[in-house]
Amino acid sequence: MNEINKEEFKKDIENYAKVLFRKSIKEASDQEKFQAVSYAVKDIVVDQWMATHKTYEEQDVKTVYYLSMEFLTGRALGNIIINLKGNKAIKEAVEELGMNLDVIEDQEPDAALGNGGLGRLAACFLDSLSTLGYPAYGCGIRYKYGMFKQVIENGYQIEKPDDWLKNGNPFEIKRPEYAVEVKFGGYVAMRKDEFGRDKFVQENYQSVLAVPYDLPVVGYNNNVVNTLRIWDAEAIDTFNLDSFDKGDYQKAVEQQNLARTICEVLYPNDNHMAGKELRLKQQYFFVSASVQRAVAKYMEKHDDIRKIYEKVCFQLNDTHPTVTVSEFMRILVDDYGLEWDEAWSITNKTCAYTNHTIMSEALEKWPLELFSRLLPRIYQITEEINRRFILQIQAAYPGDNSKVEKMAIIYDGQVKMAHLAIAASFSVNGVAKLHTEILKNQELKDFYQMMPEKFNNKTNGITQRRFLLHGNPLLADWVTKKIGDDWITNLAHINELGIYADDELSRKEFMNIKYQNKVRLAKYIKEHNGVEVNPRSIFDVQVKRLHEYKRQLLNILHIMYLYNELKKNPEMDFYPRTFIFGAKASAGYHRAKSIIKLINSVGDVINNDKDIHDKIKVVFIENYRVSNAEIIFAAADVSEQISTASKEASGTGNMKFMLNGALTLGTMDGANVEIVDEVGKENAFIFGLSSDEVIAYEQNGQYNPRDIYNIDSDIRAVMTQLVDGTYASGNLDEFRDIYNSLLDGNGGRPDMYFILKDFRSYADAQKRVEAAYRDEEGWAKSALLNVSKSGKFTSDRTIEEYAKEIWHLEKVTVEVPEDDE
Ligand SMILES: *Cc1c(COP(=O)(O)O)cnc(C)c1O
């Protein structure tokens, strides 16, 4: 790679401050400095970006289009600097200009174009695709407002708009030359084409112009820069209306409103379908634009649309982009005039689907009325796909109508997006071993029996470049000192650290780094929460979206129990513990918001109780997101991964903690199972019902939480404190819904997530955590072994599997021509 010339780079920064802001670096604000540095970095990136795409064109590479409603990329600048390997030169340049790189990085708003794990996975995948040299586009939406900013007021979550583009985004490039039209509504008419053949045309529709913005995805030290293409909607110039509609003022205004609303905001639901019309518009909007553009790009260099699958693969990140299937069929049949069977066979070789959840409330089902009104031609095509698929089901299971009922794409007035995705894809993958087994044997059993060859597993991963190299520089440097820097692109080699687990000095160094990272987090907490925490205490961390299945409630009920124990016996042997939470709740998810309030209320009482001598602290970190996540993982001792077994498809937070030397306290769920396989049961704390046990209880209805409530007086005491005002300043109703959800169900099954059932087992596991932590040497050894066994969980491994087994991509090497001056 071409070296970064420090002196030239400094001049570049100064020049940007001048042309952008008419200021010298000294006069510029921190935000302006960030902009100037970012533009200077972009100059370096753009040369590699152009060279990459030139290489792709010359070699006529196969490309994966990763279609995702969410890309939770976080901040770009620091990550790009790291991947350019320009850290040292850039840091020096910045410092010689009198600036501090950390302060500059802190000026950048997170690109929070995602909710949680699914969006972050997409971002990790892009990092790995570029680093491995695989040709790829990420395709998504340029939401004007990303994930809301969470503010805690009086313990309650308040949502504030995330105006992340207000200062502009220095890394994006608008590409108006690739804009395409996307049509909604109207009706489908049969017309004659120029050769007198019948064709279907959508008429009297409303449309918007989809305009792409490209963001660079920089590979690590390899000149490869892929593109994250996010689409914005603009009003179609009314001049372009059908002649029929010219001068239709009403329609022009409606189209402007449509364009304004489509990309306005990310829906803040994680693992939950809200069923809003605008959401379906968003889905079709970005899918239609991405697929139209992918087809057009292919046809610029090729003449046979029938072979597009040799150069293009569409990977559907969950069911959100499933209309890809029908949109691609529409283009093949309506625009290219292919016969149905041929179009279907091409679609089947081009689309692949990743399943992310088995929870019924997350499955996307659109009412027929809405789907057909909004997407009339897409609906017709989906109906025909369904008609033929039902014939296929009936051929496979003659006379068994229950199979049609269970597997049809359209049934009971709904379009079932997962069924459409499975029917049309050549690959259906789960995201962890256990999850894929549950898909095959339970949730998607009928599909698996009919087409077993489609099903495969791709266990999720995370990028070590962001979550160790960038997020934990002290540990990253130490690892490099011990084993060299090969782990940065080949995480399997981190197993070489294993030998240091038995070395006393190495353990000391390692624990000292953990301590310094805890001091860094303690400082962040002091600044943001005003709470003093002891970096010598155990940092016990649960950060992830707030959801009942993730069981933050189990964690906080256990804290209430511990506090009761301490109050009963203030002199009891108790190792000081800091419980750290971070979680956003979907704005309309009342019970989740109530759990946030409970955590904060319990914290208020415990943190201010002098009787317990600071032995427990409870901290809720506001606005959990990628940028503060990096600081939190680095400082964690205990990783809380306590979902109800079978509910967490994979989890990726669990992997980030492991990579940073935290020990997992968790259920046998999602990728926890594989984490324990790698590191050994003796280096983790496993508790609770198994997924088989949970599924059995769900099917036989034999669990009654009252039985536990009646028998266990400690649990009863904690339950009573939810409704006696202990934590609610005397308000007896504040947590009544939580109480009822556990004992009566409040509409659903009582204690649906088996919190009381798993409580004792969890409390025992927590006792084992404390005992283990008291053995400093033993803990250090376990923590180091966790780091050394984390090699499997790099997204580089995951992407190699997708590339070889699903996408069939070839790696590319890129040379950047030297500037000759
Ligand atoms: C990794 C990550 C997640 C996913 O965490 P899980 O524990 O797997 O649910 C969510 N949000 C952010 C900001 C992350 O970095």
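Predicted model: local features only at pLDDT ≥ 70, side-chain atom pairs only at ≥ 80, totals over all residues.
Q: Which residues are closest to the ligand?
A: Lys544, Lys550, Thr652, Gly653 and Lys656. In total, 13 residues surround the ligand.

Q: What does Lys550 do there, in terms of distance?
A: A polar side-chain atom of Lys550 lies 2.8 Å from a ligand oxygen atom.

Q: And Lys656, how far is its side chain from a ligand oxygen?
A: An N or O atom in the Lys656 side chain is 2.7 Å from an oxygen atom of the ligand.

Q: Which part of Gly653 comes in, backbone or side chain?
A: The backbone. One of its polar atoms is 3.0 Å from an oxygen atom of the ligand.

Q: How much of the ligand does the protein cover?
A: The protein covers 96% of the 390 Å² of accessible area that the ligand has on its own.

Q: What kinds of residues make up the shell?
A: Three are nonpolar, five are polar and five are charged.

Q: Why does the ligand lie between domain 1 and domain 2?
A: Because both domains give residues to its shell. Domain 1 is 60–75 + 110–458, and domain 2 is 464–690 + 754–782.

Q: New topic: strand β20. Buried or exposed?
A: Buried. Six of the six residues in 538–543 are buried, so β20 is largely enclosed by the rest of the structure.

Q: Which residues sit on each face?
A: Ile538, Asp540 and Gln542 are on one side of β20. Phe539, Val541 and Val543 are on the other.

Q: Which strand is β20 joined to?
A: β21 (residues 577–582). Six bridges join the two strands, and they run parallel.

Q: What stands opposite Val543?
A: Gly582 in β21.

Methods
Residues numbered from 1 in each chain as written. Heavy atoms only, no water. Near = heavy atom within 4 Å. Polar contact = N/O pair within 3.5 Å; in protein donor to acceptor, adjacent residues only side chain to side chain. Areas by Shrake-Rupley, 256 points an atom, 1.4 Å probe, with all protein chains shown as cover. Nonpolar A, V, L, I, M, F, W, Y, C, P; charged D, E, K, R; others polar. Domains from an automatic or database assignment. Buried < 20%, exposed > 50% of the residue type's maximum accessible area, 1.4 Å probe, protein only. Helix = DSSP H or I, 4+ residues; strand = E, 2+ residues; numbered from the N terminus. Pairing = 2+ DSSP bridges.
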